[in-house]
Amino acid sequence: VSGQARITLAGLALMLAGAAAAIEPAAIETTRRGPWAPAQFGPADGVAREGAALQAQAEAKLRAAFDAAAAPHGGQLTREQAKKAGLGWLARHFDAVDRRRAGSVRFDEVQRYARERSAAHGRPLPHLTTKP
Amino acid sequence: MPVVHRLVAFALAVALAACGGGGGGAAPDATSPWFDPVTYSSAATASLPSAEERAAVSQHQLVLPTGTLAYTATVGHLTARHVVSGAPQASFFYVAYTRNAVDPATRPVTFFYNGGPGSASVWLHLGSFGPRRLATGVPSTTQPRPFALVDNQETLLDVSDLVFVDAIGSGHSQAIAPNINRSFWGVDSDAAAFRDFVRRYVEVNARQASPKWLFGESYGGPRSAVLALLLEQAGVELAGVVLQSPAMDYNSSCAIVARVDVTCAGFLPSYAATGAWHQRVQPPPADAELFVASTRTLADSQYDPAARAWLASATPPPDALVDQLVASTGIAAATWRSQFNLTPGVVRQQLVAGQLLGRYDARIAAPPGSALAAGGDPSLTLIESSFAQAIGPYLASLGYTTPSIYVMFSGAIEQWDFSHDGRALPDTLPDLAAALTLNPALRVVAISGHHDLATPFHQTALDLRRLPAPTVTELAYPGGHMTYLDDASRIRSRADLAASYAAAGAAP
């Protein structure tokens, strides 16, 4: 297996580089097996959000996917448009989301339905302090 | 491939799948081997001109304490097509185990994959909950090698059908033109391709109504978070996600990133577990698991703030805390005083004089310079060649033969696009939270090993506790990254997983 052979050689190279006494921490910390990231990735950036802030981030992701699909349609989606854009979830829940019976829905309606459904399942989502 | 051939292949796949399920009136004893003439490549630029959807099908029986379990093994390829464009993305290699004589339409189905990124699914496939497993004897290092392939009394096949699928560029999975393997070597493109494989498997095998589970290990954890969201968005509802030793947020691991606010507190309980195993903890704990659990409080309430002060302003730790850390881990005071935010590599070299401890399983030790230590991780070297040697003949025993060599690990990790959501390294908690927003019934189960120094169990718990509601079943057992290799922990985790599947089935 060529991939395997290369890995073994790389492992040996790491070994030899640190063979003087003990294996250097750098050598054993850069084992190519996962989960690992190559060393060129330096300090982490960004913030590990939690609770309501994480939920806002999650809903922003959902909004981004909706907006990408809805942009050519004036920011709203019909069931067929949702289906064609690969948004099967929305196509499936369309009638429940479309409470106005308008035939097309906005993201805030998607969001309201998802939040009500979570609450009905006994998993109420935290109140968002920032608008996603 | 001409359209007519593709249709024939599709019809054949459907027919085989119908047999595989054991229902629908098809002969339950269907057996058809398949010599796959394609030579698959793990190279970054490799690309198949086209792909056939074909599989070997074979019949098997497994004798369990609860009775004899008859099942079908299906080994071959399915083509993942893009959810929107329908364009072929990749030919995924998979091994499916489906129980005979039950209705496949409503039976759970679980998709398993390892991590890396770049690893084949061979570790979960031949080590965890499939119908056969390699008896490693871990953490003993004295089991004769190569390990024997034995019937797996802890298989989950009595609970769920099992599908083991290889990431693109590993196993026998490969991209289809105009894509190349590297097209899918990124957090988002990889998960999207897995989404399209799952969609295809569900479609071909008529599993729309089956409760669907994802089971990803290591990098397979973050893959599962991203994949769960993509599947939910695409309208494929999941019943649950099992995160085996996951690296949910690369930015929270002090072994991956250097940052003043990222401490090694998530590792401390694993150091304590390792110290206890190697009898370095004073006084020796009467109950190792209780002791390990107690060190989580030490990590959060004392070590973490002290390590933050150390990183931010080189503030020396209080003497009493150093004493407590020495007693709880067996790591020398001088080590704590010089490297207070202690990374796992140092612990692996310094905890036991003259021994290098394993990264994946710190219970497994070998002297530097020995054969077991030569690869840098004795716990991986111990098992790697047995898994590599076993997979080809095992697939042949299921009727699948090929001139290709099964690629255990591709070079993907070096070329991987780790960026995700505007960050250089993936934090996949937002993805999981978004999946839970679309599917509030989604179950999340996390399994970790106390002696895993790659993805420490306490850090995994800290990452998952960022979720807004208490939604995660956190399980931790004695053992390494692959807790399932440990005979006692495999028995426990099987029982806990079966309970989670049953609870999902019982939910409204």
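## Close-up views of a two-chain predicted model

**View 1. The loop that holds B:Gly479.** B:Gly479 is found in the loop between strand 16 (472–477) and helix 14 of chain B. The model shown here and in the following views is predicted. B:Gly479 has a relative accessibility of 0% and therefore counts as buried, the limit being under 20%. Beyond its neighbours within four places in sequence, B:Gly479 is in contact with B:Asp361 and B:Arg363, as well as with B:Gly449, B:His450, B:His451 and B:Asp452. The C-alpha atoms of B:Gly479 and B:Arg490 are 9.4 Å apart in space, and the two residues are separated by 11 residues in sequence.

**View 2. The contact of helix 3 of chain A with helix 12 of chain B.** Two packed helices are described by the angle between their axes and the distance between the axes. On the side of chain A, the contact is made by A:Leu54, A:Gln55, A:Gln57, A:Ala58, A:Glu59, A:Lys61 and A:Leu62 of helix 3. Helix 12 of chain B takes part through B:Leu429, B:Pro430, B:Asp431, B:Ala433, B:Ala434, B:Thr437 and B:Leu438. By class, this contact has eight nonpolar residues, three polar residues and three charged residues.

**View 3. The cover of helix 12 of chain B.** Helix 12 of chain B is mostly covered, with 10 of its 10 residues buried. Among the buried residues are B:Leu432, B:Ala435 and B:Leu436. B:Asp431 and B:Thr437 are also buried, and both belong to the contact with helix 3 of chain A.

View 4. Chain A has seven helices and zero strands, and its elements run α-α-α-α-α-α-α from the N terminus on. Of the 132 residues in chain A, 43% are buried. Among contacts in chain A between residues at least 6 apart in sequence, 45% join residues at least 24 apart.

**View 5. The largest pocket and its lining.** The largest pocket has a volume of about 700 Å³. It is lined by 32 residues, of which B:Lys212, B:Glu237, B:Leu238, B:Ala239 and B:Asn439 are the closest to the centre of the pocket. Helix 3 (187–204), strand 15 (443–449) and helix 14 (487–506) of chain B each supply at least two residues of the lining. Helix 3 of chain B gives the most to this lining, with five residues. By class, the lining of the largest pocket has 13 nonpolar, nine polar and 10 charged residues.

View 6. Most residues other than glycine have a negative phi, and most peptide bonds are trans. The peptide bond from B:Val138 to B:Pro139 is cis, with omega near 15°. B:Pro139 lies in the loop between strand 6 (132–134) and strand 7 (149–151) of chain B. The loop between strand 6 and strand 7 also holds B:Pro146, and the peptide bond from B:Arg145 to B:Pro146 is cis, with omega near 0°. Phi is positive, near 65°, at B:Ala101, a residue of the loop between strand 4 (88–99) and strand 5 (109–113) of chain B. B:Ala101 has a relative accessible area of 72% and is exposed. Phi of B:Ser218 is positive as well, near 65°, in the loop between strand 10 (212–217) and helix 4 (220–233) of chain B. B:Ser218, by contrast, counts as buried, at 3% relative accessibility.

**View 7. The surroundings of B:Ser119.** B:Ser119 lies in the loop between strand 5 and helix 2 (122–127) of chain B. With a relative accessible area of 5%, B:Ser119 is buried. Apart from neighbours within four places in sequence, B:Ser119 is in contact with B:Asn114, B:Ala167, B:Ser170, B:Met408 and B:Phe409. B:Ser119 and B:Asp323 are 204 residues apart in sequence, and their C-alpha atoms are 41 Å apart in space.

Key:
Residues numbered from 1 in each chain as written. Chains lettered and ligands numbered in written order. Predicted model: local features only at pLDDT ≥ 70, side-chain atom pairs only at ≥ 80, totals over all residues. Heavy atoms only, no water. Contact = heavy atoms within 4.5 Å. Helix = DSSP H or I, 4+ residues; strand = E, 2+ residues; numbered from the N terminus. Nonpolar A, V, L, I, M, F, W, Y, C, P; charged D, E, K, R; others polar. Buried < 20%, exposed > 50% of the residue type's maximum accessible area, 1.4 Å probe, protein only. 1 Å grid on protein atoms, 1.4 Å probe; cavity = no way out; pocket = protein on both sides within 12 Å on 5 of 7 lines; lining within 4 Å. Points joined across faces, edges and corners; volume = space filled by probe spheres on them.
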